[in-house]
Amino acid sequence: MQETRLDIARIRAARQVIDPIFLDTPLYRCEALEPGLGCKVSIKLETANPVRSFKARGTEVVASRLAESGSQAVVCASAGNLGQALAWSGRGRGLDVTVVASRSAPAAKLDRIRALDARLELVDGDFDVARERAAAIARDRGIRLLEDSLDIETCEGAATIGLELLRTAPTFESGPLFESGPPFDTVLIALGGGALATGVGHVVKAAAPDVEVICVQPLGAPAMTHSWRLRRVVCTDSTDTIADGVAARRPIPAVLDDLLLVADDAVLVQETSITAGMRMLHDDAGLVVEPSAALGVAAVLEDRDRFAGRHVVTIVCGSNVDVDAYRSLFRAT
């Protein structure tokens, strides 16, 4: 595999600074999902932690390094989950955390950021508007700007999920602990800014190159998928999806370069499939998930023939839902 920005040694080291509460999350075969999907399905569950998403794997690395360097403050833009994670990681290390988010972000996510003692600034507009405002705050205050997916710590923190998928953590150099490769042949990864996809994809392709890495994005927020397909950055004017956690319009060139090296495919799914995936995960797996976490299931629902006979792993990446919105989605289906 050609080199990405990521480094296996740093990924192994990241495990040493991430709070164990975020590590070694459940990985299990979910047979209850299989009749409806027509393939073997395993779940990597990244929601049973204090911030209910995978994002703290990256913010733990960032906050640890900031605390070691004596830095006192950090700002980020967030659709909600990164802000919660940074607030949690920063609070435990005495950092002054500012989060910029859209006013239209789910209220439950914004409330949780406030509860974790971060400063929260709301902007009119979407995530990319929030990203511009966070950059301005960093310049004005002379503090660290955390940019999800661009900052390598966020990718390498997420990449520790890949080590766990392959059961090689913490001694990755010893190689996968399977005589003939892992039992699964496909990994389905939600695609937004790209930290999760490039992180997990890097580890999987380095250790098990025959496993297919498929990134999944909503049809209403297709910028990174279009960019991957055309091998150049493609921006969109707007997004229109319930999957707020992956609704970005402007891919980061360096992240796209990494994605081009580790992703075998990038697919777009419809909103109805995302909602159906959420319902399946609730009814058959007993999981309450946010729309972004159902993208992998949605991809199988839209192309059962492609996945028939396979063993897929889907990363359930977040469960920060607005209860009223969650219930209304189910009432509408």
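Q: At roughly what angle do the axes of α1 and helix α7 cross?
A: In this predicted model, the axes of α1 and helix α7 (residues 152-165) come within 8 Å of each other. Angles of 65 to 115 degrees count as roughly perpendicular, and α1 and α7 are therefore placed in that class. The crossing angle is roughly 85°.

Q: Which residues of α7 make the contact with α1?
A: Contact means heavy atoms within 4.5 Å. On the α1 side, the contact is made by Arg-10, Ile-11, Arg-12, Ala-14 and Arg-15. On the α7 side, the residues are Ile-152, Glu-156, Ala-159, Thr-160, Leu-163 and Glu-164.

Q: How many charged residues does the contact of α1 with α7 have?
A: Asp, Glu, Lys and Arg count as charged. Arg-10, Arg-12 and Arg-15 of α1 take part in the contact, as do Glu-156 and Glu-164 of α7. Beside 5 nonpolar residues and 1 polar residue, the number of charged residues is 5.

Q: Which residues form the aromatic pair, and what is the angle between the planes?
A: The structure holds 1 aromatic pair. Its members are Phe-22 and Trp-88, with 4.9 Å from centre to centre. Planes over 60 degrees apart count as edge-to-face, and this pair is edge-to-face, with an angle between the planes of 90°.

Q: How many residues apart are Phe-22 and Trp-88?
A: Phe-22 lies in the loop between α1 (8-17) and β1 (27-29), while Trp-88 belongs to helix α4 (residues 81-91). Both Phe-22 and Trp-88 are buried. The pair links distant parts of the chain, and the separation is 66 residues.

Q: Is Cys-30 buried or exposed, and what is its relative accessible area?
A: The structure holds 0 disulfides. Cys-30 is in no disulfide, as the nearest cysteine sulfur, that of Cys-39, is 11 Å away. Buried means under 20% relative accessible area, so Cys-30 is buried, with a value of 7%.

Q: Which cysteine has the sulfur nearest to that of Cys-76?
A: Cys-76 counts as buried, at 0% relative accessibility. A disulfide needs two cysteine sulfur atoms within 2.5 Å. Cys-76 is in no disulfide, and the nearest cysteine sulfur, 15 Å away, is that of Cys-155.

Q: What is the phi of Asp-117?
A: Most residues other than glycine have a negative phi. Asp-117 sits in the loop between α5 (107-115) and β5 (119-123), and counts as exposed at 59% relative accessibility. Although Asp-117 is not a glycine, its phi is positive, at about 75°.

Q: Where is Arg-231 found?
A: Arg-231 also has a positive phi, of about 60°, although it is not a glycine. Exposed means over 50% relative accessible area, so at 58% Arg-231 counts as exposed. Its place is the loop between α9 (223-230) and α10 (253-262).

Q: How many of the 8 residues of helix α12 are buried?
A: Helix α12 covers residues 295-302 and is mostly covered. The buried residues are Leu-295, Gly-296, Val-297, Ala-298, Ala-299, Val-300 and Leu-301.

Q: Which residues does His-311 touch, not counting residues up to four places away in sequence?
A: His-311 is in strand β10 (residues 311-316). At 12% relative accessibility, His-311 counts as buried. The residues it touches are Lys-40, Val-41, Ser-42, Pro-183, Phe-184, Asp-185 and Thr-186.

Terms used: Residues are numbered from 1 along each chain as its sequence is written. This is a predicted model: local features need pLDDT of at least 70, side-chain atom pairs count only at pLDDT 80 or more; totals for chains, interfaces and linings use all residues. Side-chain values use heavy atoms; hydrogens and water are left out. Buried means under 20% relative accessible area, exposed over 50%, partly exposed in between (1.4 Å probe, protein chains only). Helices (H or I, at least four residues) and strands (E, at least two) are DSSP runs, numbered from the N terminus. Rings of Phe, Tyr and Trp (its six-membered ring) pair if their centres lie within 6.5 Å; planes under 30 degrees apart count as stacked, over 60 as edge-to-face and the rest as tilted. Axes are lines fitted to C-alpha atoms, for helices over the stretch in contact, and angles run from 0 to 180 degrees between N-to-C directions. Angles under 35 degrees count as roughly parallel, over 145 as roughly antiparallel, 65 to 115 as roughly perpendicular and the rest as oblique.
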